[in-house]
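Subject: Structure handover

Dear colleague,

Here is the structure for your work. Please look it over before you read the notes below.

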Amino acid sequence: MTRVPIKISPRPYEAVIESGILQRAGSYLRGVIEAKKLFVVTPAPVRRRWGKELMASLSEAGFAAKIVEMPDGERHKRLATVEQLGERLVTLGAERSAVLLAFGGGVTGDVAGFLASIYLRGVDVVQIPTTVQAQVDAAIGGKTGVNLRAGKNLLGTFYQPRAVLIDPAVLGTLPEREFRAGLYESLKAGIIGKPPLFERLENADPKSLRGDLELLEWVIAESVRLKAEVVSADEREGGLRRILNLGHTIGHALEAETRYRHFLHGEAVAWGMIAAADIAAAMGLLDGASASRITNAVVAAGRLPKVQVRSRDILRRLQADKKTRDGVVHFVLPRAIGKVEIVNNVPEKIVLQAVEKLRRFPGLAGSA
């Protein structure tokens, strides 16, 4: 078992990484939370595959747990879903002592976390992520939110969970595309501040990694450690935490412009990292060899859905991004493998050139 502390005042918590922790979730949570009524917020595919194991574990530990099913997919990451789930909680008798368990991928964690932060003005939440993207990134750090038509995560809160339980064994049932999409978030962590993690992923075959549970657990743990270090130093994105947005500026714009139907989140971030490396190189911040390593590492992970958007439309989307301040778009750009910085003086021409390069990118044509 790997335990990674998230040192946030006044109530620190930990991420626990262990194969099989799902079957022991109840006994672990008994030492973390006092409430007996739990409400498991989960989409149907996760409930069907893993729900019985989690519910049995909770029952054995003496919890009275109920399933609250939510629709699956990024397009349901909306206020309407939060309202529907809230109404369901009321019907099921959820009181202020209730605890929500966010059991699913990044969308589930964001929506359930947001719901927990506002239901009865705040109830506890535990994150039990079931995708690579959620395990290495989304479930850590307390960011919650839903999308607006104008952009991604424009409504949300900072609301820390009581615990994060990460079971790498559940990843074995993920579709190949979703597994690869999550690895881009680990690649991002390597670029930001974990060069050994980047190097392992740079040289790893995604299919082999999936079958190497020991290496997979290490990749997850290193990714979680990076995010925990950053979040512990800057909970509310006042400064340092903004570096975690590497690849997200253009990535979010790509998602919004395609109405969250064309890219998985990690795929959009992957394109965003290629663009960030290209922008950094164009501005003289990153050497060409390192920019090529970043691009090649993304390409090595597999095919990506083709970028089929107008560059000017992406530029317009950037203006609505929550990372834009006083009308100025802020980019997180790599300076080296393991070092990034926030830059706010990127010329529009360079941004347009980077997006155009994505549109014409060789070797990744077609859908993933």
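In what follows, buried means under 20% relative accessible area, exposed over 50%, and partly exposed in between, with a 1.4 Å probe and protein chains only. Helices (H or I, at least four residues) and strands (E, at least two) are DSSP runs, numbered from the N terminus. The model is predicted, so local features need pLDDT of at least 70 and side-chain atom pairs count only at pLDDT 80 or more, while totals for chains, interfaces and linings use all residues. Residues are numbered from 1 along each chain as its sequence is written, and side-chain values use heavy atoms, with hydrogens and water left out.

Helix 10

After helix 10 comes Arg259, with a positive phi near 55°.

Pocket and cavities

Ala256 and Arg259 also belong to the lining of the second largest pocket, together with Arg75, Arg78, Leu148, Arg149, Tyr260, Arg261 and Arg317. On a 1 Å grid over the protein atoms alone, a pocket is an open set of points with protein on both sides within 12 Å along at least five of seven lines; a cavity is a set where a 1.4 Å probe fits but cannot get out, and lining residues have an atom within 4 Å of a point. The volume of this pocket is about 230 Å³, a volume being the space filled by probe spheres set on the points, with grid points joined across faces, edges and corners. Its lining has six charged, three nonpolar and no polar residues. For these classes, Ala, Val, Leu, Ile, Met, Phe, Trp, Tyr, Cys and Pro count as nonpolar, Asp, Glu, Lys and Arg as charged, and the others, Gly among them, as polar.

There are five cavities of 30 Å³ or more, and the largest cavity has a volume of about 110 Å³. Its lining divides into 10 nonpolar, two charged and no polar residues. Among the lining residues are Leu183, Tyr184, Leu187, Glu202, Asp205 and Ala297. Helix 6 (176-193), helix 7 (195-202), helix 8 (206-211) and helix 12 (288-300) each supply at least two residues of this lining, and helix 6 gives the most, with three.

The side chain of Ser186 makes a polar contact with the side chain of Ser223 at 2.8 Å. A polar contact is a pair of N or O atoms within 3.5 Å; within protein, one must be able to donate a hydrogen and the other to accept it, and residues adjacent in sequence count only if both atoms are side-chain atoms. Not counting residues up to four places away in sequence, Ser186 touches Val136, Leu197, Leu201, Val219 and Ser223.

Arg162 sits in the loop between strand 8 and strand 9 (163-166), and the side chain of Arg162 makes a polar contact with that of Asp124 at 3.0 Å.

Strands

Strand 6 has five of its six residues buried, so it is largely enclosed by the rest of the structure. Strand 5 (residues 99-104) runs parallel to strand 6 and is joined to it by six bridges, with Ala102 facing Gln127 as its bridge partner. Strands count as paired if DSSP finds at least two bridges between them. Strand 7 (residues 146-148) and strand 8 (residues 151-155) pair in the antiparallel sense over two bridges. They form a hairpin with two residues between them, and Val146 stands opposite Leu155.

Backbone points to check

Most residues other than glycine have a negative phi, and most peptide bonds are trans. Leu120, in the loop between helix 4 (106-118) and strand 6 (124-129), has a positive phi of about 50°. Leu120 counts as partly exposed, because its relative accessibility is 35%. Arg121, found in the loop between helix 4 and strand 6, has a positive phi of about 65° and counts as exposed at 74% relative accessibility. A cis peptide bond joins Ser9 and Pro10, with omega about 5°; Pro10 is in the loop between strand 1 (2-6) and strand 2 (13-17).

Regards

Conventions:
Contact = heavy atoms within 4.5 Å.
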